[in-house]
Amino acid sequence: MDYSISIGIESYSRLNKTLYADNDAKEFDRIMVEIFNIEKHILLLNNDASFINIRSEFNSIAKHLTKEDRLFFFFAGHGKNVYGTPYLSAWDSDDIVTETWHSLTELMGVINEGECNKAIFFIDACESTINYGLRNNTAETALQPMNIDLDNLEYTYVFSSASHKETANVNDESMHGIWSTYLFESLLGKTEEALDNSKLTNNSLQNYLNRKVSDYCKKNSLHYTQKSHGWGKFEREFLIIDFSDNTFYKEVPIEKIYFGNVDAIGEIKNNDIKFEHNFYNLNRISNAVLEDGSIQLVLGKKGTGKTFVGKYIEETNKDKVCFINFERFNYNNFNALKNVKSNGYERFEVAWEWVLLSYVVELLSKKLGGDFKELYDELFVGRMTLNKVLDRKLKKGIPLNNKFSSMLRKQHDIFKIDEIVSLYKLLLENCENNDSIFLILDGLDEKINEFDYYQDVMNSLLMTVKHLNNELFEMDLNLKIVIFLRHDVYEMITGANLGKLQFGGTAELDWINFSIDKINYPLRDFMEVRINTSVVFQQGKAIENPLRNLLPEKMNLGKPTEANTWDWILDFTTYKPRDLIAFFNSCVKLCNNGETKLTEQILWDATKQYSNYLKEEFEDELFGFLTDKQKNEIFELVLPKMRKNWISYETLKGYINQGDNCRNMDNNELIGRLYRIGMLGAKIEEKEQWSYRGKRAILNESELVNSKFKVHLGLWKYFMFW
């Protein structure tokens with residue numbers, strides 16, 4: 001029987017962080033379960049990996065190992081070499097290495113003293129190789145012919161990511177250690193380079209790791225070198241895993257492919273591990289938010305994945321990121337906290353400071369304790385919630401102890417929210433926080449124009465975030481607030497100096513590029529990542545070009561001429577990730593007989609359910625801009641009359657003015673809105689234009705009146721045009 005122990009320590013109680021160590025350990029544990037079918041597996045992360053816990057769990061497993069068993073041990077974290085011996089840190093280790101770190105050779109000795117004679121240690125840490133003088137411990141070519149029995153051998157073998165004097169570094173793109181990135185590819189059987197006749201052995205793996213890590217450092221012109229090593233007690237080359245007779249290459253039934261959930265929160269609840277693996281880091285947006293101090297605003301159309309990005313950043317950085325979903329934000333209660341002595345957006349600035357800094361104080365109360373925790377406990381009595389922060393009673397003030405009164409030199413102990421904000425800032429000015437902290441604000445576009453003061457509230461938020469970020473920067477605090485917002489909402493908001501907020505401080509989510517070939521759009525990579533996530537979970541190995549394996553090459557249904565299938569699918573969407581997820585989920589519902597490929601008929605039939613989804617999406621995008629009666633009139637009176645035809649501006653205007661609810665609207669504003677969300681396409685000088693395809697997102701008045709218009713293809717099944 002195989003056993004595994006996976007340890008990843010990213011955050012320490014006394015030592016600096018080690019980036020992505022959590023990710024490394026979680027991925028190794030997943031591979032042990034999914035690929036090696038290990039039932040007895042232990043995963044220790046961060047504070048669970050204390051000195052005592054590591055020793056206890058290791059000894060516990062070692063005690064039960066027999067000569068028939070095999071142990072896999074993985075460690076990602078700080079490593080230190082003392083007099084030639086590699087030591088592995090624990091969560092509570094300090095600078096006294098020999099007393100508070102685990103000697104790797106001692107751990108190996110525990111195994112050698114027992115009955116188990118097969119153990120492999122994978123160590124992604126600095127200085128993790130034993131020092132045999134200047135001896136090179138890198139495995140060379142195979143020591144024995146591959147037709148011998150590689151199973152019945154004894155070994156206690158170590159794969160180290162760095163020599164006894166080198167550092168082990170990370171790959172920001174894979175969000176793993178450089179060495180671990182290639183280790184995982186090998187253990188998944190994803191690369192033939194690491195295999196010898198479909199077998200992964202200690203020699204084939206070590207040679208591959210050594211070559212790939214070295215190539216990575218050279219290719220990226222890194223100022224350091226890192227060389228993988230293999231060492232330990234072993235007779236000769238031995239087998240790690242045989243991929244030759246597995247089922248990795250069998251096609252996965254479509255009904256078992258998880259294409260995802262159109263809602264990020266729903267996807268996390270479904271399977272948080274798949275959520276992380278399904279994430280596609282468009283233009284390295286998550287890295288930009290965390291690393292570029294100037295970014296305060298992330299913009300994208302509805303459905304472009306803003307919430308996915310925010311939740312991914314939080315899920316992978318839980319100790320330093322707070323994702324705040326304002327979907328159920330109580331605007332009425334917030335309005336009650338405004339400063340009645342001010343006008344416009346300025347009346348909400350202190351209320352926003354109170355809300356945002358309360359979340360900052362919550363994070364710091366956990367990290368730093370002290371006055372932050374004492375104040376937090378007094379203010380919120382238990383766990384802080386958005387409802388507590390927006391309690392109308394706050395208008396009357398909150399009693400706090402004399403300690404906080406003296407800080408502000410107050411004669412009374414009742415604090416109004418503006419005074420609490422001053423207290424927050426005073427504590428922030430005097431605190432020392434070396435760790436980065438981020439607040440990510442999302443869901444602010446769910447109640448567009450539902451209240452007559454909505455624009456002032458949003459305008460105030462933008463300005464408050466800008467000046468708070470400036471203040472926090474001046475305090476030399478590694479703390480930043482980032483707003484995730486829809487493009488159309490941002491453009492709707494007007495106010496003083498908003499242009500300055502966007503300048504140099506905005507990241508945008510855009511899923512198309514200037515390539516003529518739609519195969520090169522990031523949307524295709526997005527879907528292939530998701531398909532391969534399921535393939536790996538089901539079969540253990542990713543496949544090349546999964547969409548090509550899944551789809552027919554051409555589509556003859558629904559169009560007068562044959563079309564490339566990927567292009568055909570995109571024409572039913574508005575070039576957004578959630579549209580593709582919805583489309584493929586519609587296909588899955590039609591696959592109940594073990595189908596491994598989508599036929600032309602399945603794709604065609606899926607457009608019916610998908611069309612209902614797209615209609616609801618367009619309705620959501622019109623929320624806040626049109627009343628329910630106006631929306632109903634558009635869908636029930638105007639669009640059905642357009643059929644599949646290109647119609648003139650005057651004809652479209654005539655359809656609009658036949659109704660009771662839309663006739664009094666500005667026709668240009670309404671038609672422009674329908675074009676901007678992608679519901680209508682425009683033909684300008686016989687050239688077809690769609691807002692989401694990037695060429696003309698907005699039409700000017702001259703273009704509007706001289707254009708012809710057409711209903712989006714994805715709605716045709718809903719209106720039974722087909």
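**Exercise 1. A residue in a loop**

Task: Locate Tyr-83 and decide whether it is buried or exposed.

Solution. 
- Step 1. Tyr-83 sits in the loop between β4 (79-82) and β5 (85-88). This is a predicted model.
- Step 2. The relative accessible area of Tyr-83 is 85%. The cut-off for exposed is over 50%. Tyr-83 is therefore exposed.
- Step 3. Look at the backbone. Tyr-83 has a positive phi of about 55°, although it is not a glycine.

**Exercise 2. Another positive phi**

Task: Describe the place, the phi and the exposure of Asn-197.

Solution. 
- Step 1. Asn-197 belongs to the loop between α5 (178-187) and β11 (199-201).
- Step 2. Its phi is near 55°, a positive value in a residue other than glycine.
- Step 3. With a relative accessible area of 55%, Asn-197 is exposed.

**Exercise 3. How far can the model be trusted?**

Solution. 
- Step 1. Now go element by element.

**Exercise 4. Ser-4 and its strand**

Task: Work out where Ser-4 lies and what surrounds it.

Solution. 
- Step 1. Ser-4 is in strand β1.
- Step 2. Strand β1 (residues 2-8) pairs with strand β2 (residues 40-45) in the parallel sense, over 6 bridges. The bridge partner of Ser-4 in β2 is His-41.
- Step 3. β1, helix α1 (residues 21-34) and β2 make a right-handed β-α-β unit.
- Step 4. The relative accessibility of Ser-4 is 0%, so Ser-4 counts as buried.
- Step 5. List some contacts. Leaving aside neighbours within four places in sequence, Ser-4 is in contact with residues including Asp-29, Met-32, Ile-61, Leu-71 and Phe-72.

**Exercise 5. A strand covered on both faces**

Task: Which residues of strand β14 (residues 297-300) are buried, and which strands pair with β14?

Solution. 
- Step 1. Recall a rule. In a regular strand the side chains alternate between the two faces of the sheet.
- Step 2. Sort the residues. Leu-297 and Leu-299 are on one side, and Val-298 and Gly-300 are on the other. All four are buried, and both faces of β14 are covered.
- Step 3. Find the partners. β14 runs parallel to strand β19 (residues 479-486), joined by 4 bridges. Gly-300 has Arg-486 as its bridge partner in β19.
- Step 4. β14 also pairs in the parallel sense with strand β20 (residues 506-508), over 3 bridges. There, Leu-297 has Thr-506 as its bridge partner.

**Exercise 6. The inner side of a helix**

Task: Why do the buried residues of helix α26 (residues 649-657) lie on the same side?

Solution. 
- Step 1. Name them. Tyr-649, Leu-652, Tyr-655 and Ile-656 are buried in α26.
- Step 2. They cover an arc of only 125° around the axis, so they lie on the same side of α26.
- Step 3. These buried residues pack against several elements, including α25 (628-642), β23 (647-648), β24 (680-684) and β26.
- Step 4. Link the strands. β23 and β26 pair in the antiparallel sense over 2 bridges, and Ile-647 has Phe-709 as its bridge partner in β26. β24 and β26 also run antiparallel, joined by 4 bridges. Lys-683 stands opposite Lys-708 in β26.

**Exercise 7. The nonpolar core**

Task: Which residues touch the most other members of the largest nonpolar core?

Solution. 
- Step 1. In soluble globular proteins, nonpolar side chains tend to be buried together.
- Step 2. The largest core has 164 residues. Trp-352, Trp-354 and Leu-441 touch the most other members.
- Step 3. Helix α12 (residues 349-367) gives the most to this core, with 11 residues.
- Step 4. Apart from this core lies another, of 39 residues, among them Ala-21, Ile-120, Tyr-216 and Ile-241.

Note on methods
Residues numbered from 1 in each chain as written. Predicted model: local features only at pLDDT ≥ 70, side-chain atom pairs only at ≥ 80, totals over all residues. Heavy atoms only, no water. Core = buried A, V, L, I, M, F, W, Y, C linked by side-chain atoms within 4.5 Å. Buried < 20%, exposed > 50% of the residue type's maximum accessible area, 1.4 Å probe, protein only. Arc of directions from axis to C-beta. Contact = heavy atoms within 4.5 Å. Pairing = 2+ DSSP bridges. Right-handed = clockwise from strand over helix to strand, strands pointing away.
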